[in-house]
Amino acid sequence: MSESSSKSKSLNLNPAPTLQCKDLHEYLKSRSPQFLETLYNYPTICLAVYRELPELARHFVIRLLFVEQPVPQAVVTSWVSQTYAREQSKACEALSELSVWQEAPIPGGMPGWMLSQSFKKNLKVALLGGGRAWSMSMSLEPDGRARDVSFLDAYALERWECVLHYMVGSAQTEGISADAVRILLHAGLMTRDAEDGSAVITRAGFQFLLLSTAKQVWLFLQHYLQTAERRSLSAAECLAFLYQLSFSTLGKDYSTEGMSNNMLVFLQHLREFGLVYQRKRKAGRFYPTRLALNIANVRGDGGPEFSLQGAGAPSGYIIVETNYRVYAYTQTTLQVALLGLFTELVYRFPNLVVGVVTRESVRQALRGGITADQILHYLHQHAHPQMLKSETGGIRSTSLLPPTVVDQIRLWEDERNRFTYTEGVVYNQFLSQADFVVLRDYAKQQGVLTWQSERARTMVVTRASHDDVKKFWKRYSKTS
Amino acid sequence: MADDEQPSDSSLLVIIVDTNPNQRYITEDPKVLTGCLDAVIAFANSHLMQKSRNQLAVIGCHFHKSEYLYPSPGKPLDVRQIDGQYELFTLVEKTIKMRLVNLVKSQPLDEKPGESLLAGALAMALCFIARMRREATPGLKTSSRILIVTGSSDTAAQYINYMNVFFTAQKQQVLIDVCSLDKHLSLLQQGCDITGGLYLKVPSLEGLLQYLLWVFLPEASERTKLVLPGRGRVDYRAACFCHRELLTIGYVCSVCLSVFCKFSPICTTCHTVFKIGGPLPIKPKKKRMKV
């Protein structure tokens with residue numbers, strides 16, 4: 001008998017892994033506790049971290065906020081009803097991971113929880129006041145050319161679309177700096193073409209385009225922070241500044257006074273991406289835009305997009321019908337190009353594009369590494385307000401897209417994933433049928449048999465149980 | 001009562017603060033009001049801190065009128081950051097304090113402070129919630145609730161108004177929470193029970209903020225997960241329409257269901273005339289013939 005270990009990879013078929021978009025929680029989790037400790041010296045970060053916590057964890061923090069001594073762990077457990085014990089442990093885990101609280105012994109010898117000193121102090125500052133003002137909110141005399149909210153929205157949209165347009169290689173290639181290109185390359189969203197060295201979009205790049213604007217900005221900034229560390233910009237300082245921006249008020253101006261040189265450089269970069277507006281480089285004041293304000297709400301997944309819209313201007317433009325037709329009220333080539341990724345475009349009018357979702361078009365997208373979830377998410381978040389409204393009247397479904405379309409797109413994805421890979425070891429070339437049967441029955445008994453064929457006298461067991469099965473075989477062959 | 005278990009995208013909280021000067025805790029020591037107000041403001045800000053889309057309104061309830069303390073009608077105050085506090089929180093604090101001063105100043109001096117207009121304030125809160133719902137972006141899930149912080153004593157004078165407001169709130173799926181600072185309030189407790197909110201009588205005013213944060217901060221979907229004070233027994237006595245007294249047994253108009261403590265031949269609410277004068281005569285029991 002021979003055994004050949006066939007090491008099949010447990011990767012999925014897609015050659016390009018799907019794009020990972022970490023939220024703040026995951027981003028911070030991957031950083032060292034020391035880094036977190038420095039971050040918690042900024043009230044804004046504490047506020048942002050607080051909002052990112054699971055809902056139960058938020059209540060734990062607020063209940064412990066005004067307690068100066070450690071609280072027994074058993075007491076914290078008793079706050080949550082028994083049926084939600086799992087959520088409770090998840091909340092505790094999240095708090096420990098982000099070192100928001102630490103374990104601290106209580107005089108009685110019981111284990112207790114204690115909020116991190118700096119986190120507690122700075123969250124209190126953010127909530128109740130006290131401490132130093134954030135650097136950028138120095139008093140300014142009123143701006144002669146004050147900008148209103150709609151202007152800022154338009155500006156932010158234009159700047160950000162400039163980056164996106166550059167990615168899809170539309171005609172506009174001006175207005176994007178070498179730094180931005182470097183970040184796109186670093187993030188793997190674009191890659192240098194082998195022939196002429198020009199930047200071309202990657203599969204990850206297309207997936208990036210399908211994300212909501214808030215997520216795009218956040219992902220982009222994550223990569224910016226990674227490259228920033230190499231350029232001797234302190235990531236903690238940058239992150240703190242970003243969150244200062246996100247907790248500022250739209251339509252108000254802030255002063256650049258008291259900002260370090262590094263931060264001024266950072267500000268210029270943010271200005272380029274449309275996160276802040278500055279009339280002139282040396283203007284001494286800047287206006288945060290909605291892009292910057294939305295950094296803190298990355299978590300709003302699944303919901304329609306609220307980011308780049310003013311008080312009453314709806315941003316959605318896509319209507320999906322049950323007959324797989326997609327109507328998109330748009331004029332921008334970018335949105336048409338994105339829609340073309342997974343639909344077959346049929347008609348094009350000055351302000352309307354009509355497409356059909358077909359098996360072929362979806363499979364084309366899936367082959368490009370885009371997942372069904374990403375497609376559905378895109379359709380969902382850009383849904384036309386009319387679709388949002390129609391939902392309330394009829395049957396209450398989880399998504400506002402027609403269920404047939406949702407199911408079919410998922411089925412099309414599933415039909416590509418017919419293989420499941422398990423690592424295993426093949427046993428074959430048994431000398432007798434009896435030997436085979438003995439070993440097969442043993443493996444079956446242990447519950448480790450993956451596949452067997454009596455005619456070919458071949459069987460496959462899981463990799464982990466290989467040693468065990470081998471030992472049994474040796475014992476068996478010795479005795480017989 | 002909120003039936004959906006999934007957490008909402010945003011939650012709207014309307015806080016009604018009773019600022020009537022004839023509340024017992026204020027007449028004993030006026031400075032306590034400042035402490036209570038600070039606690040309410042801190043609580044309001046913690047609500048805004050929970051989620052970035054959370055919304056807040058604060059209504060001041062006086063004996064002559066109720067008024068929005070936050071958000072202020074018209075243009076918001078131009079507030080710049082003064083210390084480490086989040087600018088929005090500073091704005092909330094400053095607006096509430098400024099507008100409360102205006103409210104207190106506007107009270108008629110020659111009038112003796114009467115009862116707080118809590119039912120009116122509740123109606124205002126419901127109007128505000130209705131407006132926010134109308135203006136909300138379609139597709140956004142919003143849960144709303146009202147919190148009443150009051151130290152007034154229980155009176156049945158506004159009984160009908162209360163009941164109207166309570167049942168409207170129930171229909172609108174708005175929770176009403178009540179935090180009583182002084183006495184037990186059986187009428188408002190009924191409102192909590194009807195709408196599925198929580199009722200708490202604070203044992204001591206010193207720890208007010210902690211009580212608020214512990215009990216009233218979790219929104220409806222989170223309340224099932226946490227261990228919170230139970231409903232207890234609710235006093236469901238109705239107030240009669242003639243003298244506003246709480247009754248256990250009374251007369252009920254068979255047409256409009258108005259409650260009276262004494263019999264009257266004409267219902268004051270729907271003007272129905274009852275033909276039978278006086279209580280039903282007790283019929284002498286027919287004695288069965290013994291066989």
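The model is predicted; local features need pLDDT of at least 70, side-chain atom pairs count only at pLDDT 80 or more, and totals for chains, interfaces and linings use all residues. Residues are numbered from 1 along each chain as its sequence is written, while chains are lettered from A and ligands numbered from 1 in the order in which they are written.

The interface comes first. The contact takes 41 residues from chain A and 31 residues from chain B. Two residues are in contact if their C-beta atoms, placed from the backbone, lie within 7 Å. On the side of chain B that touches chain A, α2 (31–50), α3 (87–105) and α7 (208–216) of chain B each supply at least two residues. Helices (H or I, at least four residues) and strands (E, at least two) are DSSP runs, numbered from the N terminus. The largest share of this side of chain B, 5 residues, comes from α2(B). By class, the side has 13 nonpolar, 11 polar and 7 charged residues. Here Ala, Val, Leu, Ile, Met, Phe, Trp, Tyr, Cys and Pro count as nonpolar, Asp, Glu, Lys and Arg as charged, and the others, Gly among them, as polar.

In chain A, 3 strands form an open sheet. Their order is β2-β4-β3, and the pairing is antiparallel. β2 (71–72) and β3 (101–105) of chain A stand at the edges, each with a single partner strand, so one side of each is left without a neighbour in the sheet. Strands pair if DSSP finds at least two bridges between them. β3(A) pairs with β4 (residues 111–115) of chain A over 5 bridges. Within this pair, A:Gln102 stands opposite A:Met114 in β4(A).

Helix α11 (residues 213–230) of chain A has 18 residues. From first C-alpha to last, α11(A) reaches 26 Å, close to the 26 Å expected at 1.5 Å a residue. The expected span is 1.5 Å times one less than the number of residues. Buried residues of α11(A) include A:Trp218, A:Phe220, A:Leu221 and A:Tyr224. A residue is buried if 20 or more other C-beta atoms lie within 10 Å of its own, exposed if 12 or fewer, and partly exposed in between. The buried residues of α11(A) pack against α8 (149–167), α9 (178–186), α10 (203–210), α12 (235–246) and α14 (290–293) of chain A. Just after α11(A), A:Ser232 takes a positive phi of about 55°.

Chain B is divided into domain 1 (10–223) and domain 2 (237–291), with bounds from an automatic or database domain assignment. Their centres, taken over C-alpha atoms, are separated by 39 Å.

In strand β5 (residues 174–180) of chain B, 7 of the 7 residues are buried, so β5(B) is largely enclosed by the rest of the structure. B:Val174, B:Ile176, B:Val178 and B:Ser180 point one way from β5(B), and B:Leu175, B:Asp177 and B:Cys179 the other way. In a regular strand the side chains alternate between the two faces of the sheet. β5(B) pairs in the parallel sense with β4 (residues 142–150) of chain B over 7 bridges. B:Ser144 stands opposite B:Val174.

B:Leu188 is found in helix α6 (residues 186–195) of chain B. B:Leu188 is buried, with 25 other C-beta atoms within 10 Å. Not counting residues up to four places away in sequence, B:Leu188 touches B:Ile148 and B:Val178.
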